[in-house]
Amino acid sequence: MKFKTFKTTVLAMCCITTVFAQQNTITTSGFENPANEFRPMPFWHINGTLTDEGIIKQLTDSKKAGFSGVAVLPLDSTLPEYLSDDYFDRYKTILETAKKLGMNIILYDDTGFPSGTAGGIIEREFPQFLRKSLDKTEVDVRGLPFYKCVVPQGKLMAAVAMDMTTKQRIDLQPFIVNSLLSWQIPKGGDWRVLFFNNNPASFWKKNMPLDAMDPQAMDQFMKLTYDEYAKRFSSYFTNTIKLTFFDDVGFLRRERTWTGLFNEKFKALNGYNPELFYPALWYDIGPETQAARVAFFNTRSELLAEGYTKTVTEWTNKYKLENTGHPPGNYGIQPVDMHGDIFKFFRYTPRPLADAIIDYGHGRDGFKLISSAADLYDRPIVTTEVYGAFKENIVDVNMLYRTIMELFARGINFVVPHGEWYEPTKVGIPPLVSPYSEKLGPALPAYSEYVGRSCYLLQGGRKISEIGIVYPISSLQGAYYFDAAENKRAGSWAYPDADYLKISDILTNEIRRDFTFIHPQYLATDKYQISAGNLRLDNKNQYQDYKVIIIPGGSVIALDALQKVKEFYDAGGKVIATTLLPSQGVKVEEDEKVKALVAEMFGNDAVNNASIQTNAKGGKAFFVKNPNKNELDKAINSLDNSADVIFENLGNTKSELGVFSYLHKVKDGKDIYFFANSSDDEINTTVLLKGKHDLQSWNPYEGTTLPLKKAGYITKNNIVYTKYSLRLPAVKSFFWVGK
């Protein structure tokens, strides 16, 4: 079977400028005294009046705390007023002071969050560029012979008559003249007239953000913000300013975020006009329902990525900078009403970011989505914004380490703590992570060293991941509809069988088999190469080899992605499906082929009588109806018993907080194992590492290295493993590094 050649824009994959040192050579001296680019750079919320004296003192104290710089975050309360000449004068003082101190500044691109308001200028002066929402107006016209009305206000995206019983639909736009609909209603039927209009959105904060899917709106925003910094401070670019930051760009409040150019983009992507399918955004329209929703929500994801993030990356590339940032809910189970598709969103972003906020543990099962996107695009650095809105009473020194080591184990390797405040007695969002915090301040120099040493080892290289999970984006899109009564909180409502984050949590925290999420659109290309029993993510640097592919629960999957999984199975690969087997393609005409491929791999009656299916090349496939820890562990081991890392005699942690997890990377030709115990229990276990190893213990708290005594070699399942003993105290992490 021939798959389409992997194609993408130059921006998306290969021409993202890298201005921070991307070191690959590992030395003990580099570890002991990590360079600035590996140390934390907190938000510095400017919640007061900037003065030269205040700037110099606070940056000096931040330097003493071990921070390599700060992300200057203006607020509505910032004085001088944001983007005024006086504001830029104070900003110059910040840059000059940072330069003298050997610190860096992250250019945060707006006031507060979300990005895209230009401090309120967009709303005040360019209202035509504000965020839009799709509104539905409907009238029951059953039994009427004729219907006449004025078209509701806003840009008309579609006007459709729908028989709510038979699902027959009629395009009403030919019957509209000068905004007046005049329509002869067919006899009989359960007819309803539906108008879909694009109108200004509502909002929950002081300033309304722009339409991030509108190129003209983005051009205006860039002129007001980024270009103003470039006019004044381009001489500081690449030396003091190396990174820009955007915040919470996406879809907010479960609003039906839309844009005026939507229909044109839809047709370009899907090859047909969308008008007759608009009712699917609210209603069941028959067999075409899920396919229509997939097409709509994929289009919206593309528009967002090509609007905000691509535009920002074009600008930062121009000035040889990088950018980082995130959408809302980047870790949530339902991407559709937050950012569309996390892989699409980060396609142009040099440093994808995991937003670890709200509370300890919140979003932990989804952080691998962000690092998986970075793996796909071969990006060596993954950022986290961390601690914001953690409850003040739970944040102590242990919490700083507890949270960050969990993020490190999930592929994050650059830290933006949330944060410092210019007026530290008036913290708007706790906790205060600052030298002025009585609770945390004394611990920050040691914390900064720990973060710097860890990121020194974790940035770059490639992750050893043995399992790939197909991101169920099509099922998530197909089951989502606007104004659903079940949707109580954005990002939290998905179809009942959406188990992919549950599986993420089981694999990382219970079974401890590392994995990477795989986007089905890229899986279907030659970005992924198949050989005997192996699927390779074919990157230049961060290539990965998967022995097991998991198709998590969901009814919809792209046919070409499923065909690629079948080819992997036919070549000796191991495949697991969980909870709900796919039965539909992203196009109606694909449904029967999807069902046939599923039956070929998992059997005709897998739901009721699951058993391991095999083929002549050694391929194995198995359906796990209830993917709990025991069932999933048993299934994986029955298909592939060649785990990269095995922990023997390891029980579950008993403390209410924390987990035990690990990460394995190869960098500078050396194996790097990171073990993180964020729990309050001591971990004592025997570790088996595939292959023969001679390792050292590298201590990120003290910067020291010590020999690691191995317990010998053993053969398990016809594979040679090196055996070590691991003792890890509560809330501690260590590295084992190859000599």
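Colleague: Starting with strand 19 and strand 20 (residues 515-518), how many bridges join them?

Modeller: Strand 19 and strand 20 run parallel and are joined by four bridges. Strands here are DSSP runs of E with at least two residues, and helices are DSSP runs of H or I with at least four, both numbered from the N terminus. Two strands count as paired if DSSP finds at least two bridges between them.

Colleague: What sort of model is this?

Modeller: It is a predicted model, in which local features need pLDDT of at least 70, side-chain atom pairs count only at pLDDT 80 or more, and totals for chains, interfaces and linings use all residues. Residues are numbered from 1 along each chain as its sequence is written, and side-chain values use heavy atoms, with hydrogens and water left out.

Colleague: Are the faces of strand 19 covered or open?

Modeller: Both faces of strand 19 (residues 467-470) are covered. Ile-467 and Ile-469 lie on one side, Gly-468 and Val-470 on the other, and all of them are buried. Buried means under 20% relative accessible area, exposed means over 50%, and partly exposed is in between, with a 1.4 Å probe and protein chains only.

Colleague: Another topic, then. What is the order of strands in the open sheet of nine?

Modeller: The order is 16-15-14-13-11-3-2-1-17, and the pairing is parallel. Strand 16 (414-417) and strand 17 (420-421) are the edge strands, each pairing on one side only.

Colleague: How many bridges join strand 2 to strand 3?

Modeller: Strand 2 (residues 69-74) and strand 3 (residues 104-108) run parallel, with four bridges joining them. Within that pair, Ala-71 has Ile-106 of strand 3 as its bridge partner.

Colleague: And the open sheet of three strands: parallel or antiparallel?

Modeller: Its pairing is antiparallel, and the strand order is 5-9-8. Strand 8 pairs with strand 9 (residues 180-184) over two bridges, and Ile-176 has Leu-181 as its partner in strand 9.

Colleague: Now strand 27. Why is it largely enclosed by the rest of the structure?

Modeller: Strand 27 covers residues 620-624, and four of its five residues are buried, so the rest of the structure largely encloses it. Five bridges join it to strand 25 (residues 574-578), which runs parallel to it. There, Ile-576 is partnered by Phe-622 of strand 27.

Colleague: What do strand 26 and strand 27 form?

Modeller: They form a hairpin with five residues between them, and Gly-618 in the turn has a positive phi of about 95°. Strand 26 (residues 613-614) pairs with strand 27 over two bridges in the antiparallel sense. The bridge partner of Thr-614 in strand 27 is Lys-620.

Colleague: Last one: how many residues of helix 11 are buried?

Modeller: Ten of the ten residues in helix 11 (residues 367-376) are buried, so that helix is largely enclosed by the rest of the structure. Among them are Phe-367, Lys-368, Asp-375 and Leu-376. Just after helix 11 comes Asp-378, which takes a positive phi of about 60°.
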